Amino acid sequence: MKLSGKTFSITGALPVSRDAFAAFITRNGGEFHPNPKRSTMYLIAADTGIYGYTTKMMKAEANGTQIIEPDTVCEWVGVSLDQIAANPIAYTYGSVDQEYRAQAAKSLNGEQRTIKKATAGLRES
């Protein structure tokens with residue numbers, strides 16, 4: 001995985017949701033921290049608008065965290081931020097594959113068992 005062993009946090013506005021970009025990071029082997037920690041290696045500084053320098057940037061700088069652009073992470077993986085923004089599902093959550101189908105089936109079976117248990121003593125009116 002291209003981001004294995006790397007930890008990230010985000011500040012500023014991205015062309016995709018933070019959840020989607022966090023999923024992109026983890027899908028490619030990285031670890032995402034909603035707030036920078038001492039163990040966070042990179043703070044992704046997107047468009048910070050009128051704020052310019054954010055609290056997360058100050059915390060990251062104090063912790064020795066490297067501040068990088070979102071495009072840098074995308075380059076490491078081999079895609080552009082525009083590609084992710086154009087098709088976030090494909091780059092963040094992926095297509096429906098066998099693993100996803102197995103997880104979905106397991107979840108559905110668990111829900112069906114719960115419903116059966118909950119309705120076992122009920123009679124139809």
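Buried here means under 20% relative accessible area, exposed means over 50%, and partly exposed is whatever falls in between (1.4 Å probe, protein chains only). The model is a predicted one, so to speak of local features takes a pLDDT of at least 70, side-chain atom pairs count only at pLDDT 80 or more, and totals for chains, interfaces and linings use all residues. Residues are numbered from 1 along each chain as its sequence is written, and side-chain values use heavy atoms, with hydrogens and water left out.

As for the overall layout, the chain has six helices and four strands. Helices (H or I, at least four residues) and strands (E, at least two) are DSSP runs, numbered from the N terminus. Along the sequence they come in the pattern β-α-β-β-α-β-α-α-α-α.

The four strands make up an open sheet with parallel pairing, in the order E2-E1-E3-E4. Its edge strands are E2 (31–32) and E4 (66–68), each of which pairs on one side only. Two strands are said to pair if DSSP finds at least two bridges between them. Going across the sheet, E2 and E1 (residues 7–11) run parallel and are joined by two bridges, with Thr 7 standing opposite Glu 31 in E2. E1 and E3 also pair in the parallel sense, this time over four bridges, and Thr 11 has Ala 45 in E3 as its bridge partner. Three bridges then link E3 to E4, again parallel, and here Ile 44 is partnered by Ile 68 in E4.

How do the side chains of the strands sit? In a regular strand the side chains alternate between the two faces of the sheet. In E1, Thr 7, Ser 9 and Thr 11 point one way while Phe 8 and Ile 10 point the other way, and all are buried. Since five of the five residues of E1 are buried, this strand is largely enclosed by the rest of the structure. Strand E3 (residues 42–45) is likewise covered on both faces, with Tyr 42 and Ile 44 buried on one side and Leu 43 and Ala 45 buried on the other.

Pro 70 is buried, at a relative accessible area of 6%, whereas Asp 71 is partly exposed, at 38%. Pro 70 and Ser 80 are 10 residues apart in sequence, and their C-alpha atoms are 9.3 Å apart in space. Helix H4 (residues 81–86) contains Ala 86, which counts as exposed at 70% relative accessibility. Ala 86 and Pro 15 are 71 residues apart in sequence, yet 9.2 Å apart in space, C-alpha to C-alpha.

Back to Asp 71: together with Glu 69, Glu 75 and Asp 82, Asp 71 gathers in a patch of negative charge on the surface. Patches are made of residues with over 30% relative accessible area and no salt bridge, with like charges joined within 9 Å and nonpolar side chains (Val, Leu, Ile, Met, Phe, Trp, Tyr) within 5 Å. A salt bridge is a side-chain nitrogen of Lys or Arg within 4 Å of a carboxyl oxygen of Asp or Glu.

Terms used
Areas by Shrake-Rupley, 256 points an atom, 1.4 Å probe, with all protein chains shown as cover. Lys, Arg positive; Asp, Glu negative; His and termini not counted. Charge placed at Lys NZ, Arg CZ, Asp CG, Glu CD.
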